[in-house]
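Please read this briefing alongside the sequence and the coordinates shown below. The points are grouped by topic.

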Amino acid sequence: DGQICGDVCLRVQDSLDYNLVDRSLVLDLLNKKGVNPIGMEMERVNLDSMENVLERFPLIASAECYKTVDCDVKVKIHSSVPLVRVMPRSGADYMLDSYGRIIDSKICNVQVPVATGYISQSFASGKLIDVVRDIYSDDFWKDQTEQINVDQNGQIEIVPRVGNHIIEIGAPEDVADKLARVRRFYDEALNTVGWNKYSRISAAFEGQIVCKKR
């Protein structure tokens, strides 16, 4: 009884690439809603209110708060990891995180692949984020992918960072397998004939690669 909270100890997971959530941001969010526990009697510290405040911020996926015997409050946060910036023909501009949640691009200025074309929010949070997860599951394609384009029929194209060509994925299905075929084609063909020989490389059809010469 009567003991005072001395500090907020923060642990953030999932933000090693971008460091989007830090101590100053957390304290600012708690201060604005009047639930910063520092200097407050421990019995008056409302952990549920703290968690609710933090989880309403778009860059925080989940928050867990608990008290310690040393009269501190520990805050464990899983931050959102932005995977793609969506800039469809409608004129919208937002990020999608690894959970498929929408984040306002104004509060999240990081370098990620851009998705363009005919993209509704339901398509973005469903099929598109599945495609993006497949891309991120392979370090090569994570680094190689610069842009994802969706045509009016929902077919996927990828603009790579290296090579003056377009990769046709086709339907947003079995993307990991399609990219594996393209990677094998890179290793066994483009490294021999040159990376600028073809204008389009298609993996849309099962078990084959179809190319169009420049």
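This is a predicted model: local features need pLDDT of at least 70, side-chain atom pairs count only at pLDDT 80 or more; totals for chains, interfaces and linings use all residues.

Asp151 sits in the loop that joins strand S8 (145-150) to strand S9 (156-160), and its C-alpha atom is separated by 43 Å from that of Met50, the two residues being 101 residues apart along the chain.

**Packing of H1 and H2**

- Two packed helices are described by the angle between their axes and the distance between the axes.
- For helix H1 (residues 23-32) and helix H2 (residues 47-55), that angle is about 115 degrees and the axes are 10 Å apart.
- Because the range from 65 to 115 degrees counts as roughly perpendicular, H1 and H2 are described as roughly perpendicular to each other, and their crossing is right-handed.
- On the H1 side the contact is made by Val26, Leu29 and Leu30, while H2 contributes Met50, Val53 and Leu54.
- The residues of this contact divide into 6 nonpolar, no polar and no charged.

- The buried residues of H1 are Leu25, Val26, Leu27, Leu29 and Leu30.
- Just after H1 comes Gly34, whose phi is positive at about 70 degrees.

**The nonpolar core**

- The largest nonpolar core of the model has 63 residues, and the residues with the most contacts inside this core are Leu54 and Leu128.
- Helix H3 (residues 121-136) supplies the largest share of this core, namely 8 residues.
- Leu54 is also one of the H2 residues that make the contact with H1.
- When residues up to four places away in sequence are not counted, Leu128 touches Val86, Leu96, Ala115, Ile119, Phe123 and Ile148.

- Leaving aside neighbours within four places in sequence, Met42 is in contact with Gln3, Ile4, Cys5, Lys67, Thr68, Cys71 and Asp72.
- The C-alpha atoms of Met42 and Arg214 are separated by 70 Å, and these two residues are 172 residues apart along the chain.

- Most residues other than glycine have a negative phi, and most peptide bonds are trans.
- Cys71, although it is not a glycine, has a positive phi of about 65 degrees.
- Cys71 lies in the loop between S2 and S3, and Cys71 is among the residues in contact with Met42.
- With a relative accessible area of 12%, under the 20% limit, Cys71 is therefore classed as buried.
- Asp174 likewise is not a glycine and has a positive phi, here of about 50 degrees.
- The place of Asp174 is in the loop between strand S10 (166-170) and helix H5 (175-193).
- Asp174 has a relative accessible area of 60%, which is over the 50% limit, so Asp174 is exposed.

Key. Residues are numbered from 1 along each chain as its sequence is written. Side-chain values use heavy atoms; hydrogens and water are left out. Axes are lines fitted to C-alpha atoms, for helices over the stretch in contact, and angles run from 0 to 180 degrees between N-to-C directions. Helices (H or I, at least four residues) and strands (E, at least two) are DSSP runs, numbered from the N terminus. Angles under 35 degrees count as roughly parallel, over 145 as roughly antiparallel, 65 to 115 as roughly perpendicular and the rest as oblique. A crossing is left-handed if the near helix is turned anticlockwise from the far one by less than a right angle, and right-handed if clockwise. Contact means heavy atoms within 4.5 Å. Ala, Val, Leu, Ile, Met, Phe, Trp, Tyr, Cys and Pro count as nonpolar, Asp, Glu, Lys and Arg as charged, and the others, Gly among them, as polar. A nonpolar core is a set of buried Ala, Val, Leu, Ile, Met, Phe, Trp, Tyr and Cys residues joined through side-chain atoms within 4.5 Å. Buried means under 20% relative accessible area, exposed over 50%, partly exposed in between (1.4 Å probe, protein chains only).
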